[in-house]
Amino acid sequence: MGRRPLDRDEEPQMKRKITLLFAIVLFLNACVAPSNIYHSSSSLSVPMNTSVLIVPPDVVISLLNAGGNKEPRADWSENVQSSLEDAIQGYLYSKGVRFISYGQKTIADEHIDIMRQANVLMDAVELSQVRQGIGERIYAIDKSTLEKLTPFRAEYALVTVLRAELASGGRTAVAILSSIAGVAVKTNSAEFRVALFDLRDGQLKWANFDKAALAEVGNLVKANESGWEKAIAHILVEIPL
């Protein structure tokens, strides 16, 4: 026995029910999915004519060999670091934000502790996002440690961390053969996180952990300027400057 066709009065009601159900699904997904972007609710307001210290991006690019072992490549890492920093500078310049160069490609020994604290804080924020428990907690670098950056005369410091693995030809072959047997094998991967710290009180003001932000770049080692421009717009989305 076939289903009775809807009459003219029932059709609008059914459409409204479907629309309502779709809206509920979207709302529930938005509630469940953790945000990739963090904004501090207790940070100081952004001053006029603010300046940002661009801390040298912490970049490690590794070759993933056939056996799945990572082999860090200094040449790849340096090239990607340079491209990433140029893209950050270009983005801030286009937004009219004054930036201050760190002056060297590696972190000075006296600033290692600052980077260590910054990474711990970013770990805490990222974990809290996954658990959806940010609350009103204040994430801040110790003020006595922060004073070491006073000579730069900047209001903010931008910290970027990028880790990537590029599969070798042997690893790619292993992945292809394994896929035939229905076994997944890790090949290329890339992760980044970026955070803006207020140098006036040490607070982590904003951070982005969106893993999809590097999709625009493709192969990090071979990426062109256009690819980095698109990626950095995604990486620095919603930065409060």
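**Entry 1: the whole chain**

I began with contacts, meaning heavy atoms within 4.5 Å. Of the contacts in the protein chain between residues at least 6 apart in sequence, 77% join residues at least 24 apart. I noted that the model is predicted: local features need pLDDT of at least 70, side-chain atom pairs count only at pLDDT 80 or more, and totals for chains, interfaces and linings use all residues. Residues are numbered from 1 along each chain as its sequence is written, and side-chain values use heavy atoms, with hydrogens and water left out.

I then looked up the secondary structure and found 6 helices and 8 strands in the protein chain. Helices (H or I, at least four residues) and strands (E, at least two) are DSSP runs, numbered from the N terminus. Along the sequence I read the pattern α-β-β-β-β-α-β-α-α-β-α-β-β-α.

The protein chain has 241 residues, and 39% of them are buried. Buried means under 20% relative accessible area, exposed over 50%, and partly exposed in between (1.4 Å probe, protein chains only).

**Entry 2: strand S7**

I went to strand S7, residues 189-198. Because 7 of its 10 residues are buried, S7 is largely enclosed by the rest of the structure. Two strands count as paired if DSSP finds at least two bridges between them. S7 pairs with strand S6 (residues 156-167) in the antiparallel sense, over 10 bridges. I picked out Val159, whose bridge partner in S7 is Ala195.

S7 also runs antiparallel to S8, joined by 4 bridges. Here Leu196 stands opposite Trp206 in S8. The two strands S7 and S8 form a hairpin with 5 residues between them. In the turn I found Gly202, with a positive phi of about 85°.

**Entry 3: Val221**

Where is Val221 placed? I found Val221 in the loop between strand S8 (204-208) and helix H6 (225-235). Val221 is partly exposed, with a relative accessible area of 27%.

I left aside its neighbours within four places in sequence and listed what Val221 is in contact with: Ile61, Trp76, Val80 and Leu166. I also checked Ser77, which is 144 residues from Val221 in sequence, yet 8.2 Å away in space, C-alpha to C-alpha.

**Entry 4: Ile180**

Last, I looked up Ile180, in helix H5 (residues 169-180). Is Ile180 buried or exposed? Ile180 counts as exposed because its relative accessibility is 68%.
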